[in-house]
Amino acid sequence: MNQRYMLDTNVVSHIMQGRDAPLLARLGALVVGQVVISSVTLAELEYGIHRKAGAAGLRNALTQLLQRVDVLPWDEKVATVYGELCATLESQGINLSDFDMMIAAHAIATGATLVSRDKAFQQVPQHRLQLQVW
């Protein structure tokens, strides 16, 4: 299979807004199954939608996105990578938010390239996390 890309929450938010033509074009050039999101990202998106009154447009955008991308489950392998990653980064004085750390661990555990516009991920050593900014 081709390289797999895991979209971070901020990239998915841009996709759902539908106003970033270069991002949408890049996404459209990839084959089905090549783009995934973490179940953690889905949880963050659901939280955001439930916090906003009148979020029918966002709900529709999320529903459409979920028809085109797979949601990878959080499992034992990811949990193991998460624990080790957190401990290692913490010992180096690197701290990401809990959700960011969970998403980074998920990308590492699945061998996916994380696609994000969040500069926090740049703190994770490149030999651990494959990162691209779209």
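This is a predicted model: local features need pLDDT of at least 70, side-chain atom pairs count only at pLDDT 80 or more; totals for chains, interfaces and linings use all residues.
Ile-37 of S2 takes part in both pairings: Leu-7 stands opposite Ile-37, and Val-71 is the bridge partner of Ile-37 in S3. In a regular strand the side chains alternate between the two faces of the sheet. In S2, Val-35 and Ile-37 point one way, whereas Val-36 and Ser-38 point the other way. All four of these residues are buried.

Gln-34 is located in the loop between helix H2 (21-28) and S2. Gln-34 counts as buried because its relative accessibility is 7%, under the 20% limit. The side chain of Gln-34 reaches the backbone oxygen of Gln-3 at a distance of 3.0 Å.

With a relative accessible area of 2%, Asp-8 is buried. Leaving out residues up to four places away in sequence, Asp-8 touches Thr-41, Ile-103, Leu-114, Val-115, Ser-116, Asp-118 and Phe-121. With Ser-116 there is a polar contact of 2.9 Å between the side chains. The C-alpha atoms of Asp-8 and Asp-100 are 8.5 Å apart in space, although 92 residues separate the two in sequence.

The count of aromatic pairs is 2. Tyr-5 and Trp-134 form a tilted pair, with 5.1 Å between the centres and 55° between the planes. Tyr-5 belongs to strand S1 and Trp-134 to the segment after strand S5 (131-132), so this pair ties together parts that are 129 residues apart in sequence. Both Tyr-5 and Trp-134 are buried. Trp-74 and Tyr-82 form an edge-to-face pair, at 5.9 Å centre to centre and 70° between the planes. Trp-74 counts as partly exposed because its relative accessibility is 29%, and Tyr-82 counts as partly exposed at 22%.

Helix H6 covers residues 98-110, 13 residues in total. The distance from the first C-alpha of H6 to the last is 18 Å, close to the 18 Å expected at 1.5 Å a residue. The buried residues of H6 include Asp-100, Met-101, Ile-103, Ala-104 and Ala-105, and also His-106, Ala-107, Ile-108 and Ala-109. Gly-111 follows H6 and has a positive phi, near 70°.

In soluble globular proteins, nonpolar side chains tend to be buried together. In this model the largest nonpolar core has 24 residues. Met-6, Leu-85, Leu-96, Leu-114, Phe-121 and Leu-129 have the most contacts inside this core. Helices H5 (76-91) and H6 each supply at least two of the core residues, and H6 gives the most, with 7 residues. Apart from neighbours within four places in sequence, Leu-129 is in contact with Ala-104, Ala-107, Ile-108, Leu-114, Phe-121 and Val-124. A second, separate core has 20 residues, among them Tyr-5, Ile-15, Leu-62 and Val-115.

Notes: Residues are numbered from 1 along each chain as its sequence is written. Side-chain values use heavy atoms; hydrogens and water are left out. Buried means under 20% relative accessible area, exposed over 50%, partly exposed in between (1.4 Å probe, protein chains only). Helices (H or I, at least four residues) and strands (E, at least two) are DSSP runs, numbered from the N terminus. Two strands pair if DSSP finds at least two bridges between them. A polar contact is a pair of N or O atoms within 3.5 Å; within protein, one must be able to donate a hydrogen and the other to accept it, and residues adjacent in sequence count only if both atoms are side-chain atoms. Rings of Phe, Tyr and Trp (its six-membered ring) pair if their centres lie within 6.5 Å; planes under 30 degrees apart count as stacked, over 60 as edge-to-face and the rest as tilted. Contact means heavy atoms within 4.5 Å. The expected span of a helix is 1.5 Å times one less than its number of residues. A nonpolar core is a set of buried Ala, Val, Leu, Ile, Met, Phe, Trp, Tyr and Cys residues joined through side-chain atoms within 4.5 Å.
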